[in-house]
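Dear colleague,

I am handing over the structure below, and the notes that follow it set out what was found there. Please read them with the coordinates open.

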Amino acid sequence: MASVSIHKGISINYQESGDKNAPTIVLIMGLGAQMTLWPDELFFGLVDAGFRVVRFDNRDAGLSTQLEHHGKPSVLKTWLSARLPIRTQVPYTLEEMAQDTLALMKALKIKRAHLVGASMGGMIAQLIAAKQKKKVVSLTSIMSSSSALKLTHTNLKVFVKLAGMRPDKANRDAAINYNIRLNQLIGSPGYPQDERTLKRQAIETVDRAYNPHGFQRQLAAMAASGSRHNLMSKVKAPTLVIHGAADPIIPSQEGERTAQQIRKSKLKIVPGMGHNFPPELTPKLIKWIVKHVRKSEAKRAKKLAKKAQKPDWGKKPST
């Protein structure tokens, strides 16, 4: 793993592996999550399939820059200000987080990439695919949404439970217990993980980095962001939407809506999958992503070859 300074005092911690001349897959993680939440089996599985793969910590997560000087924003006020005629400041927006991804790509000399985003990372990937078309060869949106942040009966119950358990101070034991409970609440009912496994994962996560206020600043960025529905028609990259049928945070209907809004996108609703990456599903995810990326590469190559065969009528014939 390494860090690179990208812009405006932001440093991004990242990991890359694979042939640098191979097509690049950039993995964008979700709310409050470190890049290590992308399973190693998935990361290296994509590398073994012949790709250059990059994963990274978003700002305010993991070992990337923590913007503590912005304090702890009120997520409720931010959410209300996006829907009522009142205004409140947010530390940054999802647009700025999208610019972080693009700046990292530039720093790593990646001209274009296959973007794979999970949850909030899917939202960031959608923004890039809609607004920076030449940078995106394909888009994979996992457990994400093109809508503004919504509170449903199901996810509101989860948020209330999590809010009551979330430790306000940097207490290691409390943070580990919170992490275990979080994954029990949002995990996949069809693929439950035992508490020993969850505890080991929680210890690894907390010991790597812990910043509870960074989560709130990222959540404020999400709350301040409006719907991306009007942007989805601008996404021209081949798109794969993957969503768990049992997702308690972002309902599967949101994945279906995203797929409907992006022309010729493919949709996979996964029975028993919640808002996480169960080990049992990793082989399927690798298979789906690899197939999607290879087809997108072939489509791009065909398009470039066709373009190269067109005569340039503006040039004088050679003599």
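**Pocket, helix packing and aromatic pairs**

The lining of the second largest pocket is made up of 9 nonpolar, 4 polar and 17 charged residues; please keep in mind throughout that this is a predicted model. The volume of that pocket comes to about 1200 Å³, and among its 30 lining residues V137, K236, A237, P238 and K299 are the closest to the centre. Two or more lining residues are given by each of β6 (136–142), β7 (239–244), β8 (266–270) and α11 (282–309), with α11 supplying the largest share, 11 residues.

Elsewhere I looked at the packing of helix α3 (residues 94–107) against helix α4 (residues 120–131), where the axes are 9 Å apart and meet at an angle of about 75°. Since angles of 65 to 115 degrees count as roughly perpendicular, α3 and α4 are therefore roughly perpendicular to each other. On the α3 side the contact is made by L94, E95, M97, A98, T101 and L102, and on the α4 side by M120, M123, I124, L127, I128 and K131; taken together, these residues divide into 9 nonpolar, 1 polar and 2 charged.

Finally, the count of aromatic pairs comes to 2. In the pair of W38 and F277 the ring centres lie 5.2 Å apart and the planes stand at 35°, so the pair is tilted. Because W38 sits in the loop between β3 (24–28) and α1 (40–48), while F277 sits in the loop between β8 and α11, the pair ties together parts that are 239 residues apart in sequence.

With kind regards

How values were computed
Residues numbered from 1 in each chain as written. Predicted model: local features only at pLDDT ≥ 70, side-chain atom pairs only at ≥ 80, totals over all residues. Heavy atoms only, no water. Axes fitted to C-alpha atoms, helices over the stretch in contact; angles between N-to-C directions. Helix = DSSP H or I, 4+ residues; strand = E, 2+ residues; numbered from the N terminus. Parallel < 35°, antiparallel > 145°, perpendicular 65-115°, else oblique. Contact = heavy atoms within 4.5 Å. Nonpolar A, V, L, I, M, F, W, Y, C, P; charged D, E, K, R; others polar. 1 Å grid on protein atoms, 1.4 Å probe; cavity = no way out; pocket = protein on both sides within 12 Å on 5 of 7 lines; lining within 4 Å. Points joined across faces, edges and corners; volume = space filled by probe spheres on them. Phe/Tyr/Trp six-rings, centres within 6.5 Å; stacked < 30°, edge-to-face > 60°.
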